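Me: I would like to go through this structure step by step. Could you take my questions as they come?

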Amino acid sequence: MIDFLAASIRIATPLVFAALGGILSERAGVFAVGLEGMMLMGAFGAVIGAWASASDLLGLAMALAGGAAMGLAVAIVTVRYRADNMVTGLTVNILAAGLTTYLLHVLAGSSAIQVDPLGPWPIPGLSAIPVLGPLLFAHPPLTYLALLGCAGLSFLLYRTQTGLKLRAAGENPEAVFVAGSSPMRLRFTAIICGGAIAGLGGAVLSLQQVGTFTDGMTGGRGYLALASLIVGRWNPWGAAAACLVFGAAEAFELRLQTYGVPVSSYVVQMVPYLIALAVLAGLGRSTKLPAAIGKPL
Amino acid sequence: MAALLEMRGIVKCFGAVRANDGIDLDAQAGEIVGLLGENGSGKSTLMKLLFGMMPPDAGGIVFRGRELSDHNPRMAAEAGIAMIHQHFTLVEAMTVAENIMLGWQDAGWRLKRREIADRIRETSRRLGLELDPSARVGDLSLGRRQRIEILKAVLRDAELLILDEPTSNLAPPEVAELLAILRHLRAEGKGIIFITHKLPEVLDVCDRVVVLRAGRVAGFAPVAGADRATLARMMVGRDVPAPQNLSGSGTGATRLSVSGLGGAGIGPMDLTLSGGEILGLAGVDGNGQLELAETLAGLRAATGGSVMLDGRDITHASVSARMTAGLAYIPADRSSTALVRGMTIAANLMLRDSARPPYARRGWLTKRATQTRAAALMQGFDIRAPSPAVPAGRLSGGNQQKIVIARELDRNPGLLIAHQPTWGLDPGATHFVMERMLALRAAGAAVLYISSELEEVLAISDRVAVLAGGAIAGIMPRGGVDMAQLGLWMSGRAA
């Protein structure tokens, strides 16, 4: 049971980062459809960075940069040139898939790139507590960072002037303008930072979990993160909770496979997405949806 | 004592139009100045210049003894000038406190939520604003939202408040409360410029009135001693007689007969209207006016009762069948229900009749006939635009309303439902609308005139009904109107 819960947390970690990045973007008023592409670039950047420099920190820096680059592309096209958020996001996802495959080929040829995955960092003392220790305090570093990220983003959104302006930019940009700030600049910054954070989510997949990059390795997790942040009502902790549910669904599916339940693994793999669809349909259109989201300035 | 604000010889031209042509205006601390004028008289331009939204071509502005020039809105705000616009720039999903903290230095980067909430409560109590810092703005009435803007200005140490048409979206009790708040502000020594075209409010609250017409000061007067007729004449440059309701008829055959009508938010109610009669439906906004108008027009389903028009049962008829039966409808929501702003004047004029001659023959649109008809209607209804091909959304509110009226009246309706048809119109345009209603009555049609402006209802109606809580509280003939009784009905108390 503890194993199962710990696995859920592990699997939810990349989703949490992507959802946090998405919240930043959507709260500022731009749909985060490009999360998948941001994650993929992050995953790619992390492994290439770590492989080229033999430093995990540089790998993470590259993950941030990769995600931010995709964010920059979204920001320029949607904010500066007022393009449709959905189409732009999907285009960025396709762009990231093509770009990473191509660059991987150029950089590594046909050989696979292997780096050492980030190991667990048991927290001294706390990890020795029975039950709670292995469940909460024996994770790899990025998992702790995801938790810190939830706290940090909550503080930013609800307790600071910057967060107030950011939320206002997603609700009523004119109010931000009247208050003396530029909603355009706020959206720009939010999307780029959101991209960087989603890129860290990609790094969790590649650098923390497997130590290599494979084509299209995000496998729709960006979309799952998108669903989580909607289910979580654009609130960091709510989104994290939703991610955990999806993580648990995937962990459950892995169990089923190892127990040899006679159901096609492809069917079982659909479970988290089916849950997401069901939950989204059940919630309907939210009144919490930022009022000015998707509306160009 | 030096004036709080002095504007001298202000000139602003847009192309050949002199929007402001040498205007002088001043305001003292502790004084409410009414700025009166029809649409297009230059009020808004003057205030935009003062607030630094654009530079004047000539003239000078001195505020609190300092010259204001080449300033932008932020500098104007820092100097102590606050502008309360007609459309508020508030974030509905946020609380009152959050809206006030947005972009405010005093709130700090790490928001001082408790301290700010205390200040909001304290100031709100002092000025009688009744604002709860933790209330969500989206749940508040327009009147309350306006008070947030006022509170924002006061907390940011504004010395001069400019209110642009502050009462146009308010229900009568909220107007009274706003005027009380303005008196509080005056007592605290704030200067207030109150832009409006509603004379009663000016007479009620202002100390002094400045009337603009065609970019110039047409006159100014202390309110004490001024009367309505003088001010109205100054505004429009001609006499505006209130439409005289002479015939007092309503003797024709019954055209509309509503019995036991019920629906979401209304009923059950009974109502009859004869040909050649105007029934004025008064009442505070939000008491079922929209629901009743839309149910009669066929936009909402009736859940019970019946509606007969000229002897035909139209209770469950489609909108199109109702139109054929002779029903016309002027919705209150001009910009999205009545008109398609992005479409041309001609297209808007044919909108409801696009399948019939002269707009269409055998299912095909007849372009030339449409243009001719549109040009004729524009002339007949005095719709001022360069051509029928101009998008409706580009016109002023008065001209937009004339499009709607032209379209609805051109069909020679047997019954017209007019919901707030003069909303946001200046006295000239209001006069035009009223005249058309009276002409329609003279032609034998029945008119249901729904308005929250009691005065208008009294001016035009043969009978006056009051809607309260979705039901008819009572009906009385205009001739023997009893104001006290009307007031009781409007306040929702049983007679």
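**Helix content in chain A**

Reply: Over residues 135–158 of chain A, the chain is 83% helix and 0% strand, and the end C-alpha atoms lie 29 Å apart. Helices (H or I, at least four residues) and strands (E, at least two) are DSSP runs, numbered from the N terminus. This is a predicted model: local features need pLDDT of at least 70, side-chain atom pairs count only at pLDDT 80 or more, and totals for chains, interfaces and linings use all residues. Residues are numbered from 1 along each chain as its sequence is written, chains are lettered from A and ligands numbered from 1 in the order in which they are written, and side-chain values use heavy atoms, with hydrogens and water left out.

Me: And how much helix is there over residues 188–207 of chain A?

Reply: That stretch, residues 188–207 of chain A, is 100% helix and 0% strand, with its end C-alpha atoms 28 Å apart.

Me: What does UniProt list for "transmembrane region" in chain A?

Reply: The unreviewed UniProt entry lists residues 6–24, 31–51, 57–78, 90–115, 135–158, 188–207 and 263–283 of chain A. Such annotations may be inferred rather than shown by experiment.

Me: Changing topic: how many disulfides are there over all chains?

Reply: The search of the whole structure finds zero disulfides, over all chains; a disulfide is a pair of cysteine sulfur atoms within 2.5 Å. A:Cys193 is in none, and the nearest cysteine sulfur, that of A:Cys150, is 17 Å away. For A:Cys243, the nearest cysteine sulfur is also that of A:Cys150, 8.0 Å away, and A:Cys243 is in no disulfide.

Me: Is A:Cys243 buried or exposed?

Reply: A:Cys243 is buried, with a relative accessible area of 0%. A:Cys193 is partly exposed, at 36%. Buried means under 20% relative accessible area, exposed over 50%, and partly exposed in between (1.4 Å probe, protein chains only).

Me: Now chain B. In what order do the four strands of the open sheet run?

Reply: The order is 12-11-14-15 in chain B, and the pairing is antiparallel. Two strands pair if DSSP finds at least two bridges between them.

Me: Which strands stand at the edges?

Reply: Strand 12 (266–274) and strand 15 (312–313) of chain B do; each has a single partner strand, so one side of each is left without a neighbour in the sheet.

Me: How many bridges join strand 11 and strand 14 of chain B?

Reply: Strand 11 (residues 254–263) and strand 14 (residues 304–309) of chain B pair over five bridges, in the antiparallel sense. B:Ser257 stands opposite B:Met308, which is in strand 14 of chain B.
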